[in-house]
Amino acid sequence: MFSWANKDGKKKDPELFQNVSDGLKRLYRTKLFPLEDTYRFHDFHSPALEDADFDNKPMVLLVGQYSTGKTTFIRHLMEQDFPGMRIGPEPTTDSFIAVMYGEQEGLIPGNALVVDPKKPFRKLNAFGNAFLNRFICAQMPNAVLDSISIIDTPGILSGEKQRISRGYDFAAVLEWFAERVDRIILLFDAHKLDISDEFSEVIRALKNHEDKMRVVLNKADQIGTQQLMRVYGALMWSLGKIVNTPEVIRVYIGSFWAQPLLIPDNRKLFEAEEQDLFRDIQGLPRNAALRKLNDLIKRARLAKVHAYIISALKKEMPNVFGKENKKKELIANLGEIYTKIEKEHQISPGDFPKLSKMQEVLAGQDFTKFQGLKPKLLEAVEDMLANDIAKLMTLVRQEEAAMPSQSVQGGAFEGTMNGPFGHGYGEGASEGIDELEWIVAKDKPTYDEIFYTLSPVNGKVSGAMAKKEMVKSKLPNNVLGKIWKLADVDNDGYLDDEEFALANHLIKVKLEGHELPADLPVHLVPPSKRGL
C-alpha cells in the first residue's frame, strides 16, 4: 500500500492507493474530473471516464475494409467460433462486436450493454440507437479472452457503398474505442490495397494513437515472393501519405488463419512475423496499467489546454451587446488564440486540439455559459502530473515485479510456442537437437583438414593459431570472442579437434543469420566432453 500527502504544507488526509487501478480512479475523480466538468471537456473531446475504464481487461481493436479477414483473424487467435460470427467475401460483419470472456456463451445487445456498470461501454449511449442497434457483445469461456477482449468492427466500405450513410458517426465511434483500447490492428488484403475515402477518414480519426497502431498484411500466401515485395512497398507508400509520422508503422506479413498455405515459398517469413505479432499481443496484459497511466496523462494535458482555451474565449466575450458577432469573430480567429496561449503558458503546439474540429464544436456552444480561469483546478492537475503520476509509476513497477509474468495464453498462442513446430526449432544452434549423432560430426572431416594445417601441439591449437583461421569468416571480434568461449568447453585456453569443429559450426550458424546461444546447448557439447 502506498500513501503520500499533497506537496503543500497543509495537513490533509494522505492518498491511499491499494493498486494502480485504484490510484488512477482516485486521481481522475479528485483532480482531473473537476477541471473537465467545469470547462465542459466532455462536450468537446471525450465522455467522462468511469471505474470500468480503469478495471477492464486490455482490448484489441480490429479495423479494415470488408473481406480483409478481421473476423477470421479473431477466430484464428481463439481457435473457436464466437456467437454472432459470420464470415464471407461480401460485407458480412455490419456490427461492432465486443468479444469478451463470460462463463455462459451468448450475445448481449447494445442497449443492454451500455447500462451494465461492469462493462466499459456505458458512454457509447451518446451515439444513439442507430449505433446501439449495431453493437453487440459476444461472451464465451475461452482462454484467450481470459486475458484480453477483442473488438470486431464493420468492414470499411469503398466505392459506391461508402456513400450510403450508416446512420451514426462511424469515425467518431472508432475514435472513442481508440482512446480506450491497448492495441489497434489495421488489416489489409494483399489483393486489395486501395484505401477508400472512408478508410482514410478512419485512419485520420485514429491520429494521436499511432503508438497503439499495428498493420497486418493478410492473405500474403496467395501471392509469390516478387509480387509480395511490390505489394508491401505499395502498402507502405499508401500508409505514408495518410499517417504523417516520422516513424514507420510496424507491418506484419502473413496469412492469419488455420488453412494450408496456397504458396508456401515464404513460410519462414510468415512464421517469424506471426511470432512477432503474437509476442506483441501477449505483452498487452503486462503493460495494461502503464498504458492506462499514459492515456490519463495525455487526457490531463489536453484538459489543461482546453481549460485555457475556454477561459480565454470567456474573457473576450462582451457582457451585454454584440455577443453573437463576437462569438463568430473568436471562432474565426481561434488560431491566433492558440498561438497566444502557447506563448503565455509555454505549451507545446502538439497538445492543442485540432483547430477545425474545435471551431466546428464551438459553433454550437453558448459562450456565455463558459467559465473563467480557475487557478486552483489547474494547480490540482499540475500537482497530479508533477507528483502523483511519478509516484504511481513506482507502484506500476512494483506491481509488475510482484505479479507473475502475465501473458495471453490459449488458442493459437499455444500452438506456436512449444514442440518441434515452435519458431526456430531445429534451426541454427538448435539444429540436431533431436538427433542421436553429434550434428557437428557430419562436417568434421572438412574442419579436421583445416585443424591439422594449424600445427596442433599435443592435439590442440592455441588461441593465436585458431584466431588466424576464425577471422577469415569476417565476423567482428566480439562475435568471434563469444564463439571461442562457447567452443572452449573445458576452459583450458586451447581447442582440440572437436572444439575446433564446434567453433566452425557456430561460425556457420552465425553466417546463416541465426543468433548464438547464451550457453552451449547440451546437444552441441562434443562427445568426449560430455559428463565433465
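The model is predicted, so local features need pLDDT of at least 70 and side-chain atom pairs count only at pLDDT 80 or more, while totals for chains, interfaces and linings use all residues. Residues are numbered from 1 along each chain as its sequence is written, and side-chain values use heavy atoms, with hydrogens and water left out. Helices (H or I, at least four residues) and strands (E, at least two) are DSSP runs, numbered from the N terminus.

**Nonpolar cores**

- A nonpolar core here is a set of buried Ala, Val, Leu, Ile, Met, Phe, Trp, Tyr and Cys residues joined through side-chain atoms within 4.5 Å. Buried means under 20% relative accessible area, exposed over 50%, and partly exposed in between (1.4 Å probe, protein chains only).
- The largest such core has 49 residues, and F96, F121, F177, L186, F188 and L217 are those with the most contacts inside it. Helix α7 (residues 170-180) gives the most to this core, with 6 residues.
- Another core, of 43 residues, lies apart from it and has Y39, V305, M317 and F367 among its members.

**Helix packing around α13**

- Two packed helices are described by the angle between their axes and the distance between the axes. Axes are lines fitted to C-alpha atoms, for helices over the stretch in contact, and angles run from 0 to 180 degrees between N-to-C directions.
- Helix α11 (residues 284-316) packs on helix α13 (residues 334-345) at about 115°, with their axes 10 Å apart. The crossing is right-handed; a crossing is right-handed if the near helix is turned clockwise from the far one by less than a right angle, and left-handed if anticlockwise.
- In contact terms (heavy atoms within 4.5 Å), Y308, I309, A312, L313 and E316 of α11 meet L334, I337, Y338, K340, I341 and H345 of α13. These residues divide into 8 nonpolar, 1 polar and 2 charged. Ala, Val, Leu, Ile, Met, Phe, Trp, Tyr, Cys and Pro count as nonpolar, Asp, Glu, Lys and Arg as charged, and the others, Gly among them, as polar.
- Helix α14 (residues 355-362) also packs with α13 at an angle of about 115°, with axes 10 Å apart, and that crossing is right-handed.
- There, L334, G335 and Y338 of α13 meet L355, M358, Q359 and L362 of α14, a contact of 5 nonpolar, 2 polar and no charged residues.

**Annotated domains**

- UniProt positions use the numbering given here, feature names are shortened, and annotations may be inferred rather than shown by experiment.
- An unreviewed UniProt entry places "domain: EH" at residues 443-531. The end C-alpha atoms of this span lie 23 Å apart, and the span is 48% helix and 7% strand.
- "Domain: EF-hand" is listed by UniProt, again in an unreviewed entry, at residues 475-510. Its end C-alpha atoms lie 9 Å apart, and the span is 69% helix and 8% strand.

**Single residues to look at**

- R40, in the loop between α1 (20-38) and α2 (41-44), has a positive phi of about 55° although it is not a glycine. R40 counts as partly exposed, at 25% relative accessibility.
- S67, in the loop between β3 (59-64) and α4 (70-78), has a positive phi near 65° and is likewise not a glycine. S67 is partly exposed, at 21% relative accessibility.
- D519 sits in the segment after α20 (497-511) and is exposed, with a relative accessible area of 60%. The C-alpha atoms of D519 and Q371, 148 residues apart along the chain, are separated by 66 Å.
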